[in-house]
Amino acid sequence: MGCGASVAKQLPPYEAKAHVKLLRKEFPYQGAIENTEHRGMTVSQLLRVLLFVAVHCPNWVDTTPPQYSKTSGQTISIEWANLYHVNTWLIMPATKQDLCAFVELLSGSPQVPQWFISHWW
């Protein structure tokens, strides 16, 4: 390769321009919610996310290395989609440009939760 030549870096499919454009259309940034404890999600917001995943996950592939996932390389099905898939295909690419919490793509106003549920990676 000569001086000044460049190699186009191929983006992972979850960072492809068309995919990110779809995410930005479906989940536009709504505004900052300053206090973390005010970033609760409503049931209707969770259902909106679930519906998006159900409609779009047949276009997603499990990108987890085969030593960690028996479904590595397979098209994701709503029957076995999990938070790792949603994080890879939805949360991370949707929040990357604005460096925001995912809930800030659903609401720009504080939402005080009634319950706190967490997960462990």
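R39 counts as partly exposed, at 29% relative accessibility. Please keep in mind that we are looking at a predicted model. The partner of R39 is E104: the two form a salt bridge, and their closest N and O atoms are 3.9 Å apart. With the cut-off for such a pair set at 4 Å, the R39 and E104 contact is counted. R39 lies in the loop between α1 and α2, whereas E104 belongs to the segment after α3, so this pair ties together parts that are 65 residues apart in sequence. Is E104 buried or exposed? E104 counts as buried, because its relative accessibility is 5% and the limit for that class is under 20%.

How many salt bridges are there by this rule? The count comes to three.

Let me turn to the pair formed by D98 and R24. Their side chains meet in a salt bridge with an N to O distance of 3.2 Å. R24 sits in helix α1 and D98 in the segment after α3, so the bridge ties together parts that are 74 residues apart in sequence. As for accessibility, D98 is partly exposed at 26%, and R24 is partly exposed as well, with a relative accessible area of 29%.

The remaining pair is K96 with E15. Here the side chains meet in a salt bridge at 3.5 Å, again N to O. K96 is part of helix α3, while E15 lies in the segment before α1, which spans 17-26; the pair therefore ties together parts that are 81 residues apart in sequence. E15 is partly exposed, its relative accessible area being 26%.

To close, consider F27 in more detail. Which residues does F27 touch, leaving aside those up to four places away in sequence? The list consists of R48, V49, F52, L90, F102, L105 and L106.

Methods:
Residues are numbered from 1 along each chain as its sequence is written. This is a predicted model: local features need pLDDT of at least 70, side-chain atom pairs count only at pLDDT 80 or more; totals for chains, interfaces and linings use all residues. Side-chain values use heavy atoms; hydrogens and water are left out. Contact means heavy atoms within 4.5 Å. Helices (H or I, at least four residues) and strands (E, at least two) are DSSP runs, numbered from the N terminus. Buried means under 20% relative accessible area, exposed over 50%, partly exposed in between (1.4 Å probe, protein chains only).
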